[in-house]
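Me: I would like a close look at a single part of this model. Please keep it brisk and give the cut-offs.

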Amino acid sequence: MKKLLVLVVSLILVVSMVGCSSKESSGESKDGKDVITVWTFPHYRENKETGQKGYEDHLKELIADIEKENPDIKVKYEILSWEEGDKKFDIALNSGNPPDIFFSVMQPKYIKTGLAVPLDKYLTQEDLDDIEPFAKNNFSSDGKIWAISQWISIHTWGGNKKLLEAAGADVAKIQKDGWTWQEFYDISEKISKMKSKDGKKVYGFATQGKNEETFTHLMRNNGVVKSVSEDGKFHWNDEKAVETLNFMKKLMDTGVMPKETAGIDEQKVIDMFTAGEVGIYGRTGPYQVRFNDNRNKEIDAGKTKGEKIDFVLLPFPHNEGEKEVATGGGGGMWLFKQKKYKGDKHTDNAAKVLKYITGTKSSVTAATMFIPPARKSGQEMYKDLLQLNTDNGQFIKRTLDYVVPGAKLEPELAQKQDQILNDGIRPKFQGFLAGELTPEQAVKEWSEVAKNVLK
């Protein structure tokens, strides 16, 4: 009798679990609400000393608002780790069961699965007018918009205003009008003749040498925006690539940039800059303004030792005769359906959530990091927090007008580009920085790799 009772109870539990699983998989919670899943990342953390809320705190507030306005919706979110998050999402996507909303950069491979949902039908003309052109262009493909950005990550150089002005630089003019390679060299060369407070050499310019990022920025400002274009052509194979490497070689040969750049990582560059041993460095972004402000406050409070820095954002210099090109990026919130489709109403509800957590009020997440919100209305709402009336703020506004997205490559071509980077450009660029290859040899060798990969 006991065995029979145990068996009956077990069967009831199994049926109950199957029923719950069925409801959850159909997008419905136990209380009948439509469950919308959101996967994102820890973009910034709480700072108790300054009272700054963390990204998760702001996300919770947005979710509470959307649930209050829509009592039939329940939002479940997960903050993924930067190390494993993309892998976890790829597994879910490949199994046909991705979350409804996911934060990611532009990925044409997502579109190819047929599970990504274009957002055009959910965006009003007011939305389209409100979102910065770059944010729309960055996530456009085949005439459709596939994600909505909360912010635009602008890549810039950073500078010590005191050292720049000591070298005769008109910082406000540079931020307003840009500067050429020669103008940048003349200023950084003067800085490289200075000594730090501790008597150490000051470099005019420093950058990490672990990858080709700085070379990419200089190439873009030498008229070559993409290494591999959407038509499968390789563009870092001519005299402009050699010219750009020669410019970097000149910086190292004359002591403007450390000869040991090949072994310098990003943290080392920042340490040198905060120690007053570097006048200009690459790369950074608007977020560094907030970090520098906080550091100066800590120095005033006696919590941190060092000299305060008047930090300025600087544009990438452009070669004479070429246009200044700003580089930017940033992820956005994507909308997905599942292989076992949960219905149009579920997708519409998920789109409603996506629009809210990327709407005007969500711009606080960008403003907290001192990064320009993708929505113009958000820039206006948080203009004081963004300090848009300052020289750095005005520079950010100017930069938004000419930031150019990278190539949007089909999955197969994107894999080939990665192979070219890993097998050709990065090792050869490292060889160039170490003095083992001339500019001509480096370009010739990585171009041969690209030719074999793209044939």
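Which residues are buried in helix α3 (residues 85-94)?

Reply: First, the ground rules. This is a predicted model: local features need pLDDT of at least 70, side-chain atom pairs count only at pLDDT 80 or more, and totals for chains, interfaces and linings use all residues. Residues are numbered from 1 along each chain as its sequence is written, and side-chain values use heavy atoms, with hydrogens and water left out.

In α3, the buried residues are Gly85, Phe89, Ala92 and Leu93. Buried means under 20% relative accessible area, exposed over 50%, partly exposed in between (1.4 Å probe, protein chains only). Helices (H or I, at least four residues) and strands (E, at least two) are DSSP runs, numbered from the N terminus.

Seen down the axis of α3, the buried residues fall within an arc of 100°, so they line one face of the helix. That arc is taken from the directions from the helix axis to the C-beta atoms. Lys87, Ile91 and Asn94 are exposed, on the face turned away from the buried side.

What covers the buried residues? The cover includes β1 (34-40), β3 (101-104) and α4 (108-112). Contact here means heavy atoms within 4.5 Å. Just after α3, Gly96 has a positive phi of about 85°.

Phe89 also belongs to a cluster linked by ring pairs; among its other members are Trp82, Phe102, Phe103 and Tyr110. Rings of Phe, Tyr and Trp (its six-membered ring) pair if their centres lie within 6.5 Å; planes under 30 degrees apart count as stacked, over 60 as edge-to-face and the rest as tilted.
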